[in-house]
Amino acid sequence: MSLDQVPHDRADNDIDLYTEQETYDLVQQLYHQYNCAPLFLDDESVNGHYYGYCKTMLWPLFNYILWSDATDGRIERKQWEIYKRVNQEYADMVLKHYRTGDTVWIHDYHLLLVPAMVREKLPNARIGLFLHSSFPSSEIFRVCPKREEILKGMLGANLVGFQTYANSRHFISNCTRLLGFESTPDGVKWEGHFCQVCTFPIGIDVEDVQARRTSAGVVPKIQAIAEMYQGKRILVARDKLDIVKGVLQKLAAFEKLLNDYPEWRNNVVLIQVTDSQEGGNDKKDIDHKVSEMVARINGTFGSLEFTPVHHYHHQILSDEYYALLSIADVALVTANRDGMSTVSLEYIMCQQENHGPLILSELTGTASSLSSALMVNPWDYRGVARAIHDALVMPPEEKASRHAQLLSHVKKHTASFWAHSFVKALAHTHSLSEQTSYTPLLKPEYLREKYAASKKRLLCFDYDGTLTPICQNPGDAVPSKAMLDALTTLCQDPGNCVWVISGRDEHALDTWLGGVPNLGLSAEHGSFIKFPNTNRWVNIAEDLDMSWKNDVLEIFSYYTERTTGSFIEHKRCALTWHYRLADPEYGAFQAKECQNHLETALAKLPVEVLAGKKNLEVRPKSINKGEIVRRLLVLHEAIFDFAMCCGDDRTDEDMFKALERTTRIQDGRSKFSVMIGPEGNTTGALWHVPTVPHLIECMAAMAQQSAAVMAAKPTNLIATSEAPASTAATAT
């Protein structure tokens, strides 16, 4: 059975209606004739995915329509599960056919989870996503219960494309505001992956439209329409009959035209074509309102000889469509919200002889590309009526000039140009990610091998962003059980010297980690130190002049008053200004201003300004984490044959430098400076792991090795890792 032999009652392609042989025949035909691999969905999947979650949840939201019906959530949860399942089926189909070097291009809001699903299995694949619809601002999209899953699904792509700059800006803003991810005007950073975000205005197949508009079937229909409306100026519009296409607003504006410009009565007609749409009560309600308004306008301004509005609510043939676009004096494309509509582009192609003006809503996706059209706000009925009048009386020279500019754009930015531009940008983005000088990924197996071959080890860890994820509220960064178990086992190994060197104060470290035996602690980036199995904190910075804190506090207070959500953290040897709870964009702007202010005001003082993750910290120059690492390397009598320093931000670079420069570890392959974060980050670390769980996995691998060795030794040979006798005296 071939595609054109599919029975009419199977037009919905419900897989349950096909025999096994018919399905096989269709698959073979699609593969050999179109190089396509179909995915057959059963009726439940189609209803739950396309007519369910896509049309009742995503489509309204992407078009700035909030749901008005309150439910208990059971239907939405079921539809979401079906949406996920269908996305996974598409991803599995991609994985089945993928070959190294292939490009994966995913389209529209029906498959927003597919990029991340494919990325999970193919980390180095070239993946692109283009959204043909609008994308809402964060104030709208934040109401979506599954906003995080959807955004993270999209971020699995190397490149996400939108119709307009506004849509791309909204997407980046959503990722920043709702997920807290770092972003630039070019894209979003997430878990070691950079997702490029660009704008690609869509086009049409110019040659195909040219052939259709000049075909033998179009010319007779143009003549028939001209005879039918002889002596009348013709306005043409074609829209789907849904709430965002603005048909009601267009009719209201036309009614306003006939009221405000009586000279056009009996002289202008509006031919409104609306395509039938499946739908529930909402679409029936719109249909009813449109019919009522058409009847009112025709009853008010019409007569036996004249009907101002001709409404055709059905699909029209291709020849009729191109004949209408060719004979029209003006086209009205006045949607309230639109992602991709090619009517305006096709109209421009069909007006190469008449040069009819185009009236275009400034809210449509093509508005930013077609600047020579007459732009209108579809809700401003008086403004739209005035634009129609201006278009009807426009001089031929101006019409020709405007049309020439529009036609030049349409012929240049074709569908082929759009596709090639996207694929070229995707290839460039992917190649840049491969060419960048990356920090290699640390694998637990390799780390455990080197760990097992060593006898005396120094292990230093940062806390926030390293042993625990970064939290919006600093007080929520409680250590996980998995991390504590691994850390405790490492501390029990007599061959290990384990330290946590953090920017936290002494109280926080004592509260969360004070109960771990044999663990050394350093607070406030090295200002305080507490040796293993002791209760005393040593203030290394007690002899330093701290008078600078008053000036810093004054500057921090100034910006705190002006940045809602920011706050100051007072430490004994440092001051930190946090803006993690502030508006992401405004907080980042204020942080840059504050940093510039501090660097100018404190230029001659012995302090430094550190820009951390959503914070600024001012501390003495002579105190840093690297200084603690250097002390530990010197103070211990035994020569370490393995050292590991782990951190996630700029303050940890001092540790990496200290480890790199030390000569007390002869084998460079036993130095493990590890950055927690993306592999492309600028860092002095020799290795990286993407996230905190990955580091904990590495810690667990080392802990398992230690546990195995300790289990094989007699109990009386297992000692604790005490501070050297000379250490406390030297530090003090």
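A patch here joins residues that have over 30% relative accessible area and no salt bridge, with like charges linked within 9 Å and nonpolar side chains (Val, Leu, Ile, Met, Phe, Trp, Tyr) within 5 Å. A salt bridge, in turn, is a side-chain nitrogen of Lys or Arg within 4 Å of a carboxyl oxygen of Asp or Glu.

This is a predicted model, where local features need pLDDT of at least 70, side-chain atom pairs count only at pLDDT 80 or more, and totals for chains, interfaces and linings use all residues. Residues are numbered from 1 along each chain as its sequence is written, and side-chain values use heavy atoms, leaving out hydrogens and water.

**View A. A nonpolar surface patch made by Leu66, Trp67 and Val143.** Leu66 sits in the loop between α2 (43-62) and α3 (74-97); helices (H or I, at least four residues) and strands (E, at least two) are DSSP runs numbered from the N terminus.

**View B. Ser527 in the loop between β15 (519-523) and β16 (528-530).** With a relative accessible area of 2%, Ser527 is buried (under 20%; exposed is over 50%, partly exposed in between; 1.4 Å probe, protein chains only). Beyond neighbours within four places in sequence, Ser527 is in contact (heavy atoms within 4.5 Å) with residues including Val538, Cys573 and Ile623.

**View C. Tyr381 in helix α14 (residues 381-392).** Tyr381 is partly exposed, at 32% relative accessible area. Setting aside residues up to four places away in sequence, Tyr381 touches Gln249, Ala252, Ala253 and Lys256.

Technical notes
Accessible areas come from the Shrake-Rupley method with a 1.4 Å probe; for residues, only the protein chains shown count as cover.
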